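Subject: Structure for you to look at

Hi,

Here is the structure I said I would pass on.

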Amino acid sequence: MYRFLLTPRWLGYLAVALAAAAVMVQLGNWQLDRYHQRSAVNDRIDAAGQQTPVELTRAAGRPGPAPGQAGEAPPDSATWTRVTAVGRYDSDNDVLVRSRSVNSRVGYEVLTPLVLADGSAVLVDRGWIPPDDTGLAVAPPVPPAPPGEVRVTGLLRQPEPMSGSVTRQDGTLQTRRIATPVLAAELPYPIYGGYVLLQEQDPPADPVFVAVPIRHENSWQNGGYVAQWWIFAAMTLAGFGWLARREAHNRRRPAAASGDRAAGAGGGAGPVDRRSPAVR
């Protein structure tokens with residue numbers, strides 16, 4: 001009944017269905033891996049609030065080997081670690097990060113290098129400030145950093161991929177992304193590859209700053225994609241089975257119809273009258 005499945009045509013259909021299903025399963029596996037990665041990030045974010053801060057040098061690796069260079073980015077396992085560091089802010093090298101939104105309002109995040117005792121520095125995201133009253137085209141005044149020695153506590157972040165260039169307007173560096181390797185070239189000391197998202201500061205930060213919200217990764221979206229791809233794979237194989245079953249049904253119908261016609265042709269002749277003509 002299903003011998004037609006061994007024909008080149010149907011073997012080709014089967015190969016295409018199996019290949020498509022295999023690709024979809026692999027896409028589902030990739031999304032499952034992304035789900036686990038994002039879930040792990042969310043777990044680290046949730047755990048950060050309960051952590052005792054560790055020294056920056058224990059989590060962030062090493063700074064760059066020379067002035068104008070950045071160290072390696074912290075590993076994934078160290079990202080979102082709660083760290084603390086002591087140093088002096090270098091307000092002459094503030095960095096304004098453009099097009100940052102908080103509470104649906106576009107403004108700037110302010111990065112200020114914190115110069116440590118060994119002469120290296122780490123970029124500290126001091127928070128978000130609103131744009132100038134005249135609009136986004138004009139850089140707003142940056143609230144001054146406290147003078148003297150400062151202790152900061154915050155979350156260690158990885159650098160962002162670079163987009164655009166670093167410019168200096170009215171003496172202040174501006175950029176679109178917190179790309180430490182690129183920003184390092186504008187600074188007169190080696191810096192760490194990661195940066196610190198400020199949570200606490202002693203002395204306290206200027207009240208103008210708004211804390212940058214921490215956004216959890218949308219791991220459930222990846223979980224939905226896992227189910228979607230695996231369902232598509234099952235539907236592909238089920239579709240092939242349905243097509244094969246329909247083909248087998250269509251092949252049975254002509255055979256059954258031919259049998260009915262043969263039976264009808266034999267019965268149409270009727271019985272033979274064997275009586276003699278006299279009797280008839």
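Below are my notes on charged side chains and aromatic rings.

A bit of housekeeping: this is a predicted model, where local features need pLDDT of at least 70 and side-chain atom pairs count only at pLDDT 80 or more, while totals for chains, interfaces and linings use all residues. Residues are numbered from 1 along each chain as its sequence is written, and side-chain values use heavy atoms, with hydrogens and water left out.

**Salt bridges**

Side chains of opposite charge can pair when their charged atoms come close. I used the term salt bridge for a side-chain nitrogen of Lys or Arg within 4 Å of a carboxyl oxygen of Asp or Glu. By that rule there are five salt bridges.

Start with Arg100, which is joined to two partners in a network of salt bridges with Glu109 and Glu160. Its N-to-O distance to Glu109 is 3.5 Å, and the one to Glu160 is 2.7 Å. Arg100 sits in strand E3 (residues 95-102) and Glu160 in the loop between strand E6 (149-157) and strand E7 (167-169), so this pair ties together parts that are 60 residues apart in sequence. (Helices, H or I with at least four residues, and strands, E with at least two, are DSSP runs numbered from the N terminus.)

Are these residues buried or exposed? Arg100 and Glu109 are both buried, and Glu160 is buried as well. Here buried means under 20% relative accessible area, exposed means over 50%, and partly exposed is in between (1.4 Å probe, protein chains only).

Another salt bridge links Arg251 and Glu247, at 3.1 Å from N to O. These two are four residues apart in helix H4 (residues 219-267), so about one helical turn separates them. Arg251 counts as partly exposed because its relative accessibility is 45%, and Glu247 is also partly exposed, at 21%.

**A buried Asp without a salt bridge**

Now find Asp90, in the loop between strand E2 (82-89) and E3. Asp90 is buried but has no salt bridge, and the nearest side chain of opposite charge, Arg168, is 8.4 Å away. (Lys and Arg count as positive, Asp and Glu as negative; His and the chain ends are not counted.)

What does the side chain of Asp90 make a polar contact with? The partner is the side chain of Tyr189, at 2.6 Å. A polar contact is a pair of N or O atoms within 3.5 Å; within protein, one must be able to donate a hydrogen and the other to accept it, and residues adjacent in sequence count only if both atoms are side-chain atoms.

**Aromatic rings**

There are four aromatic pairs. Rings of Phe, Tyr and Trp (its six-membered ring) pair if their centres lie within 6.5 Å; planes under 30 degrees apart are stacked, over 60 edge-to-face, and the rest tilted. One of the pairs is Trp10 with Tyr13, edge-to-face, with 5.2 Å between centres and 85° between planes. Both belong to helix H1 (residues 8-48), three residues apart, or about one helical turn. Trp10 counts as buried, at 6% relative accessibility.

Trp10 also pairs with Phe240: the centres are 6.0 Å apart and the planes at 65°, so this pair is edge-to-face. It links distant parts of the chain, with Trp10 in helix H1 and Phe240 in helix H4, 230 residues apart. Ring pairs join Phe4, Trp10, Tyr13 and Phe240 into a cluster.

Cheers
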